[in-house]
Amino acid sequence: MSIGKSTLCLVGLLALFGRRGVAQDAKIEVEEANPLVISGFAVGLGSYDRNLAQSTALGSKLGLSLFRPWSDQLYFFGQLTTHLEEADSGPPATAIEIDNLIINWTPAHLTALSLSFGRFDAPIGFERDDEPLNLVPTASFTLENARPVKFTGLMARYVVNPKVSVLALVANGWDQEADNNSGKTAGFKLQVFPSSGLAVAAGAFYGPEEDSTNGSPRTLLTGDATWQPMQRLILQAEAHRGSQLGVNWSAVVGQAFWRAGRSTGLTVRGEVMDDPDGVRTGTPQKLSSVTISPWYFYREAQEGVFSNVEFTSFRLPAFSIRPALRIDHSDQPVFEKKDGSLVRSNLTAIVELVYLF
């Protein structure tokens, strides 16, 4: 009997370790099928400000992105970004922030719906805060002042058919990592694709945005379009109308990118932002800007978030040199000169180097 019991125990242990081994092998196979993908970008910048008669060179930003699909329905995306922030006095300080942190889920029996929770780019306009995703090496007045850049909350996107999709979100507020009041900002956007190479969208966003109060709701009406009529040409535009407690602002920005050759291109961007009450810029004024940026680029980036310009077939380059000449103007003296005086215009020369890895 003892021999029989020993044999049964041995068989049981072998079976147990066998199941553990199979489970471990299965876990390894799943991890190999859904690997962690690490990518990112680095930005170097050289600039000259005519009014200040000042030039500078900076290693200005480094972004590290992590992407992990857990299944066909669930994935994680996160991005840490370190960049230089100008201080009121003294040298620039290095800041590290969670630029994106997204858990995305697509229900197995409702693949037209996707839910994203976390911190994500505001689904507004064509301009983004990550340099590789833009066709111009400077941020517009519109991106900086007229509309939000980031949201933290929940976003749902539903594809009605191949030509129509809708999006809704509930978030903390404009660019708020933690909510600054007890209310929430809500938004809705309709995206349509009338023809191949054309994407048009319109949306509305509403919610309290001031610190510690819900009594100052803000409304933003927004629209944008991206059109690629031919392989070499990309046209983009966005327009915004904001209001809050009897004050308002508006902004329009548009740009054209022409791929002149295999490794060369040219972008021209123009914008106008009207802030008659000074609620967004601190001074009642009308701002305008024109930027001209020739490109030299080399190779194509890998697949992933930094792979192409949204709604186009243009593949982002793995390495690019983007010089630019920017001319800014205001109907009020707001641009500072070296002697401390204020004037109505400024000219900036920039060279930006972007590397994707």
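Trainee: Where is Asp 99 found?
Mentor: Asp 99 is found in strand S4, residues 93-105, where a strand is a DSSP run of E of at least two residues and a helix one of H or I of at least four, numbered from the N terminus. This is a predicted model, in which local features need pLDDT of at least 70 and side-chain atom pairs count only at pLDDT 80 or more, while totals for chains, interfaces and linings use all residues. Residues are numbered from 1 along each chain as its sequence is written, and side-chain values use heavy atoms, with hydrogens and water left out.

Trainee: Does Asp 99 count as buried or exposed?
Mentor: Asp 99 counts as buried because its relative accessibility is 3%, and buried means under 20% relative accessible area, exposed over 50%, and partly exposed in between, with a 1.4 Å probe and protein chains only.

Trainee: And what does Asp 99 touch?
Mentor: Leaving out residues up to four places away in sequence, Asp 99 touches Gln 79, Thr 81, Arg 119, Asp 129, Asp 130 and Lys 150, a contact being heavy atoms within 4.5 Å.

Trainee: Switching topic, where does Pro 276 lie?
Mentor: Pro 276 lies in the loop between strand S13 (264-275) and strand S14 (285-300), and it is partly exposed, with a relative accessible area of 39%.

Trainee: Which residues does Pro 276 touch?
Mentor: Not counting residues up to four places away in sequence, they are Asn 248, Trp 249, Pro 284 and Gln 285. The C-alpha atoms of Pro 276 and Ser 250 are separated by 9.1 Å, with the two residues 26 apart along the chain.
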